[in-house]
Amino acid sequence: MDIVNVSRRAVLAAMASLALTGCSGSKKANGSDDSKKNKDSEKSEDEAFSFGGIGDTSSSDASRGLSVDGVYKRVATDSSGKEYRFLLVGMKFENDLDHDSRAPMSYVSCYQNGVKLSQCTKYSDPNTMKTLEPGYSISVCKAFLLVDEGQPVKVKIKSSNSSDYVYEDTYPISHLDYASL
């Protein structure tokens, strides 16, 4: 397998020419510019990166824009009046890419006692479907069904470019009380 190295400038030029073939503009999801790009993590336009999952792809890794604010126990009532309990992972997504992007929620997972938790399909956060321009941020949440209400939960965020994890931390939850939505 050959590795093809291409400069960011060439990729950006190709993306710009594709964008001119029928894409429409979108409004900003957040009216204020309270988030700034981290200058230390930016790379020069001339720096080359490789395709195929080999080499440094962090400049195009959307999952690196997610940061976990905390985990919360929540209780809600479904449309039939039945109460359900779940774990809510609160995050902030900052689009530090050079193009519009959504929060990469499919790369977020939770584990408890070494077992991956199922996603709570009764809860959905409308912010996860919003597209952000570069440099803007938004709060997002993802819900999971707890197996054991007393055991800690490990939150992992997988890289969108490889099998590596860009974030992994364990949160104790036994001291948390359930709060209503």
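**Cores, sheets and aromatic rings in a predicted model**

The largest nonpolar core of this predicted model has 23 residues, and those with the most contacts inside it are Leu-66, Leu-87, Val-89, Met-91, Cys-110, Val-153 and Val-155. A nonpolar core is a set of buried Ala, Val, Leu, Ile, Met, Phe, Trp, Tyr and Cys residues joined through side-chain atoms within 4.5 Å. Here, buried means under 20% relative accessible area, exposed means over 50%, and partly exposed lies in between (1.4 Å probe, protein chains only). Two or more residues of this core come from each of strand 3, strand 4, strand 5 (108-112), strand 7 and strand 8 (153-158). Strand 4 gives the largest share, four residues. Helices (H or I, at least four residues) and strands (E, at least two) are DSSP runs, numbered from the N terminus.

Because the model is predicted, local features need pLDDT of at least 70 and side-chain atom pairs count only at pLDDT 80 or more, whereas totals for chains, interfaces and linings use all residues. Residues are numbered from 1 along each chain as its sequence is written, and side-chain values use heavy atoms, with hydrogens and water left out.

Leaving aside neighbours within four places in sequence, Leu-87 is in contact (heavy atoms within 4.5 Å) with Val-71, Tyr-72, Cys-110, Lys-142, Ala-143, Phe-144, Leu-146, Val-153 and Ile-173. A second, separate core of seven residues includes Phe-86, Leu-88, Cys-120 and Tyr-123.

The strands are arranged in sheets. Strands of a sheet pair through backbone hydrogen bonds, either parallel or antiparallel. Two strands are taken to pair if DSSP finds at least two bridges between them. Strand 4 (residues 83-94) pairs with strand 7 in the antiparallel sense over eight bridges, and Phe-93 has Ile-138 of strand 7 as its bridge partner.

Another open sheet has four strands in the order 6-5-8-9, with antiparallel pairing. Strand 6 and strand 9 (165-171) stand at its edges with a single partner strand each, so one side of each has no neighbour in the sheet. Strand 5 and strand 8 are joined in the antiparallel sense over four bridges; the bridge partner of Cys-110 in strand 8 is Val-155.

Two individual residues may be examined next. Val-75 lies in strand 3 (residues 66-77) and is buried, with a relative accessible area of 11%. The C-alpha atoms of Val-75 and Asp-177 are separated by 9.9 Å, although these residues are 102 residues apart along the chain. Thr-128 lies in the loop between strand 6 (115-116) and strand 7 and counts as buried at 15% relative accessibility. A polar atom of the Thr-128 side chain lies 2.8 Å from the backbone oxygen of Asp-125.

Finally, the aromatic rings can be considered. Rings of Phe, Tyr and Trp (its six-membered ring) pair if their centres lie within 6.5 Å; planes under 30 degrees apart count as stacked, over 60 as edge-to-face and the rest as tilted. This rule gives two aromatic pairs. The rings of Tyr-84 and Phe-86 are stacked, because their centres are 5.5 Å apart and their planes are at 25 degrees. Both Tyr-84 and Phe-86 are buried, and ring pairs link Tyr-84, Phe-86 and Tyr-123 into a cluster.

Methods
Polar contact = N/O pair within 3.5 Å; in protein donor to acceptor, adjacent residues only side chain to side chain.
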